[in-house]
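The stops below are meant to be selected in order.

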Amino acid sequence: MNSELMRHFVEAAEQLNFAHAARSQGVSRATLVASVKELEAELGHPVFDYSAATTTLTPAGIALLETTRIQWAKSAAAAAANVAPPGGKAKASKGKGRAPAVKGASRNGKRRQSR
C-alpha cells in the first residue's frame with residue numbers, strides 16, 4: 001500500500017472530517033477523498049460509512065486504523081533504535097577551510113621558484 005494513501009486515511013479517520021483532514025495534510029478535499037477511495041479499492045471493502053449523516057468508520061476501517069497505528073509505532077521504535085549515539089571521534093577538516101589547490105595555478109602570496 002502507498003504510504004501517502006495511508007497518511008490520508010489515518011488523518012481522515014482521526015478527524016472524521018474530510019475537509020479538515022485535507023487541510024491538515026495540505027491537499028484538496030477531492031485529493032483526499034480520491035486517496036481514500038483508492039485505498040478502499042485496494043482493500044476490496046469500504047473503510048468509511050458513507051450512508052451515515054456524519055463521517056464514521058466501518059469495523060474494517062477501525063481495524064485498519066489500529067493496525068496502522070501499531071505498525072507506525074513499531075517503525076518509529078525501530079528507526080529510533082538505529083540512530084547512532086551522540087559523541088564519538090571528532091573529524092578534523094582538511095585544508096583548514098581553504099579551497100583545494102589546483103595543479104598549475106598560481107598561489108597568492110607565494111612566489112614561484114625559479115630554476
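Predicted model: local features only at pLDDT ≥ 70, side-chain atom pairs only at ≥ 80, totals over all residues.

Stop 1: Select helix α1, residues 3–15, together with helix α4, residues 59–81. Their axes lie 10 Å apart, and the two helices pack at an angle of about 120 degrees. The crossing of α1 past α4 is left-handed. Now show side chains. From α1, the residues in the contact are Met-6, Arg-7, Phe-9, Val-10, Ala-13 and Glu-14. On α4 they meet Gly-61, Leu-64, Leu-65, Thr-68, Arg-69 and Trp-72. Sorted by class, this contact holds seven nonpolar, two polar and three charged residues.

**Stop 2: His-8.** Stay on α1 and select His-8, which sits in this helix. Is His-8 buried or exposed? Its relative accessible area is 1%, so His-8 is buried. Apart from neighbours within four places in sequence, its contacts are Gln-25, Val-27, Thr-31, Leu-32 and Ser-35.

**Stop 3: helix α2.** Select residues 18–25, which form α2, and color Phe-18, Ala-21 and Ala-22, which are buried. Look down the helix axis: these buried residues fall within an arc of 100 degrees, so they line one face of α2.

Finish at the two ends of α2. At its start, a side-chain oxygen of Asn-17 comes within 3.0 Å of the backbone nitrogen of Ala-19. After α2 comes Gly-26, with a positive phi near 75 degrees.

Terms used: Residues numbered from 1 in each chain as written. Heavy atoms only, no water. Axes fitted to C-alpha atoms, helices over the stretch in contact; angles between N-to-C directions. Helix = DSSP H or I, 4+ residues; strand = E, 2+ residues; numbered from the N terminus. Left-handed = near helix turned anticlockwise from the far one by under 90°. Contact = heavy atoms within 4.5 Å. Nonpolar A, V, L, I, M, F, W, Y, C, P; charged D, E, K, R; others polar. Buried < 20%, exposed > 50% of the residue type's maximum accessible area, 1.4 Å probe, protein only. Arc of directions from axis to C-beta. Polar contact = N/O pair within 3.5 Å; in protein donor to acceptor, adjacent residues only side chain to side chain.
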